[in-house]
Amino acid sequence: MPTLILVRHGRSTANTEGVLAGWTPGVALDERGAAQAAALPGRLAELPLAEIVTSPLQRCQETIRPLLQTRPELTPHTDERIGECHYGDWSGRKLDELKDQPLMEVVQAHPSAAAFPGGESMRAMQTRAAEAVREWNARVERDHGADAVYLMCSHGDIIKSLVADALGLHLDLFQRISVEPCSITAIRYTRLRPFLVRLGDTGDFTSLVPREEPPGDEAPVGGGAGAP
């Protein structure tokens, strides 16, 4: 079965503003995110990509644009199932305003029980994304062979939930996984089990440098902004 390259979108204006973007329209890459996207073709230059699939959201479309410019033979496919979690009434709100909501504790410690008001549950998010991957695996293998490599550009919580699915981890453990903006995660699928071969690879270790204010115990909902 194919190897899936998961790319989280580059850093967005919502990431730097501490906003839970969700499906809010008009959320673009910031200056650093655009630079991350511009570097993506070089990072993936050795990979023969069979297909490119992307979330419909602007920040993902902008992230893969430089890659598509270097691979004119590829036509991108948009799949809503790998779009961001539907955060409902939380969409567009500051994370600082949400951190004391009782639901946030559930999102952190028991995400399989978390459902966003006016939105979807985290279980539904993982299910739709995993179903999309399985369908694309079959399609890519049918059209390009079992050794094909293809790419999906998606979002932090989606990618983390797909990693948990690949590792056989309960969704309640997915907040222990971290994927930074424009990081690359690779999963090789086989008939019996998937293998996680890369996780959140940015090629940059600056995010590991100790900070004046170390990160807290909670996982950033929607994915963090990466290194400062």
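This is a predicted model: local features need pLDDT of at least 70, side-chain atom pairs count only at pLDDT 80 or more; totals for chains, interfaces and linings use all residues.
Which residues of the largest nonpolar core touch the most other members?

**View 1. The largest nonpolar core.** Of the 38 residues in this core, Trp90, Phe116, Met122, Tyr150 and Met152 touch the most other members. At least two core residues come from each of strand E1 (3-8), strand E3 (49-54), helix H5 (102-109), helix H6 (122-144), strand E6 (149-154), H7 and E7. The greatest contribution is that of H6, with eight residues. In soluble globular proteins, nonpolar side chains tend to be buried together.

**View 2. The surroundings of methionine 122.** When residues up to four places away in sequence are not counted, methionine 122 touches Val107, Pro111, Ala114, Phe116, Asp157, Leu171 and Phe174. A further core of 17 residues lies apart from the largest one; its members include Val7, Leu40, Cys182 and Ile184.

View 3. The model contains zero disulfides. For cysteine 85, the closest cysteine sulfur belongs to cysteine 60 and is 14 Å away, which is too far for a bond. Cysteine 85 is buried, with a relative accessible area of 0%. Cysteine 182 is likewise in no disulfide, the nearest cysteine sulfur being that of cysteine 153, at 7.3 Å.

**View 4. Cysteine 182 in its loop.** Cysteine 182 is found in the loop between helix H7 (156-167) and strand E7 (184-189). This residue is buried, with a relative accessible area of 2%. Its phi is near 60°, a positive value in a residue other than glycine. Most residues other than glycine have a negative phi.

Technical notes
Residues are numbered from 1 along each chain as its sequence is written. Side-chain values use heavy atoms; hydrogens and water are left out. Helices (H or I, at least four residues) and strands (E, at least two) are DSSP runs, numbered from the N terminus. Buried means under 20% relative accessible area, exposed over 50%, partly exposed in between (1.4 Å probe, protein chains only). A disulfide is a pair of cysteine sulfur atoms within 2.5 Å. A nonpolar core is a set of buried Ala, Val, Leu, Ile, Met, Phe, Trp, Tyr and Cys residues joined through side-chain atoms within 4.5 Å. Contact means heavy atoms within 4.5 Å.
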